[in-house]
Amino acid sequence: MSQGSGDRRSELGRVRGLGSAKEGVQHWWVQRLTAIALVPLSLWFLASVLALLGGERAALVAWLSSPFSAGVMILFLLATFWHALLGLQVVIEDYVHHEGRKLATLLLVKGLVLLLAAASVAAVVKLMLQG
Amino acid sequence: MAGNIDRAGRPLSPHIQIYRWQWTMALSILHRATGIALAIGTLLLVWWLTAAAYGEPAFASAQNFLGSILGRLLLFGWSFAFFFHLCNGLRHLVWDAGHGFELKTAHRSALLVLAAALVLTLATWVLGYSLMGRL
């Protein structure tokens, strides 16, 4: 009974702090973390692409042959697709009201984003090994 | 206001169309729209990378498309969406830290974000064309 007058949560619920959806602020927090990570990562990607502009495939292979470039590129891809997934999820939850259709759309979009993430990371690894 | 009562007899908030358009509201919607556009735009990035991994012919056709009028139009839209979402995302992070909620500040930061996104987009394209020696 130590809670304030407005707090009706049990002691256990208050300690866990996960709220009624049992997820707490994790979705919100990871969206911010990936957003912050994407500030330097996406600017680095843009600068790299500008440097490669109109070049041969060999220039791209040479760029990704460095483990540093390939590593940062993979981080950029993972942060991008993770951030995109969290954002798209909120949009779907906002506009698709039918439970079954919402679940189906979420699963479809999640699968598609995971596929794109896996294919692009695999492509970077293959290009890195060619250099 | 007779139309704004639900079936249980409770009043409903006015429909979105009733509100006067404001910059803060337009940017909020544009943030979501550019986010969706960027998510769809990752298809181009994945195509470009996987084409390079497949080899010379696939990469050449990807480069050809990206260099075409349609490709450049898509890339221009993508670059504006990118800079807008980046600048407005930073504005959101400042809000998350608890600053900038005053109406005047929110209005000013909206115009600042829009101007920054436009300038950065144009600067990037000028830089890109000059790097390719076409300016």
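Me: Which side chains meet in a salt bridge at 3.4 Å, N to O?

Reply: A salt bridge is a side-chain nitrogen of Lys or Arg within 4 Å of a carboxyl oxygen of Asp or Glu. Here B:R10 and B:D6 form such a pair, at 3.4 Å from N to O. The model is a predicted one, in which local features need pLDDT of at least 70 and side-chain atom pairs count only at pLDDT 80 or more, while totals for chains, interfaces and linings use all residues; side-chain values use heavy atoms, with hydrogens and water left out. Residues are numbered from 1 along each chain as its sequence is written, and chains are lettered from A and ligands numbered from 1 in the order in which they are written.

Me: Is B:R10 buried or exposed?

Reply: Buried means under 20% relative accessible area, exposed means over 50%, and partly exposed lies in between (1.4 Å probe, protein chains only). B:R10 is exposed, with a relative accessible area of 52%, and B:D6 is partly exposed at 21%.

Me: Where do A:K102 and A:E99 lie?

Reply: Both are in helix 5 (residues 99-130) of chain A, three residues apart, about one turn of the helix. A:K102 is buried at 18%, and A:E99 is exposed at 56%.

Me: How many aromatic pairs are found over all chains?

Reply: A pair of aromatic rings is described by the distance of the centres and the angle of the planes. Rings of Phe, Tyr and Trp (its six-membered ring) pair if their centres lie within 6.5 Å; planes under 30 degrees apart count as stacked, over 60 as edge-to-face and the rest as tilted. The search of the whole structure finds 10. Among them, B:W48 and B:F59 form a tilted pair, with 6.3 Å centre to centre and 45 degrees between the planes. B:W48 lies in helix 1 (residues 23-54) of chain B and B:F59 in helix 2 (residues 56-67) of chain B, so the pair ties together parts 11 residues apart in sequence. Both B:W48 and B:F59 are buried. The ring centres of B:W78 and B:F82 are 5.6 Å apart and their planes are at 5 degrees, so that pair is stacked.

Me: What area do chain B and chain A bury between them?

Reply: Buried area is the accessible area (1.4 Å probe) that two parts lose on being put together, summed over both. Chain B and chain A bury about 2700 Å² between them, 80% of it on carbon and sulfur atoms. B:R32, B:L49 and B:A53 supply 21% of the area that chain B buries against chain A, more than any other three residues. The contact (heavy atoms within 4.5 Å) takes 30 residues from chain B and 38 residues from chain A.

Definitions and conventions
Helix = DSSP H or I, 4+ residues; strand = E, 2+ residues; numbered from the N terminus.
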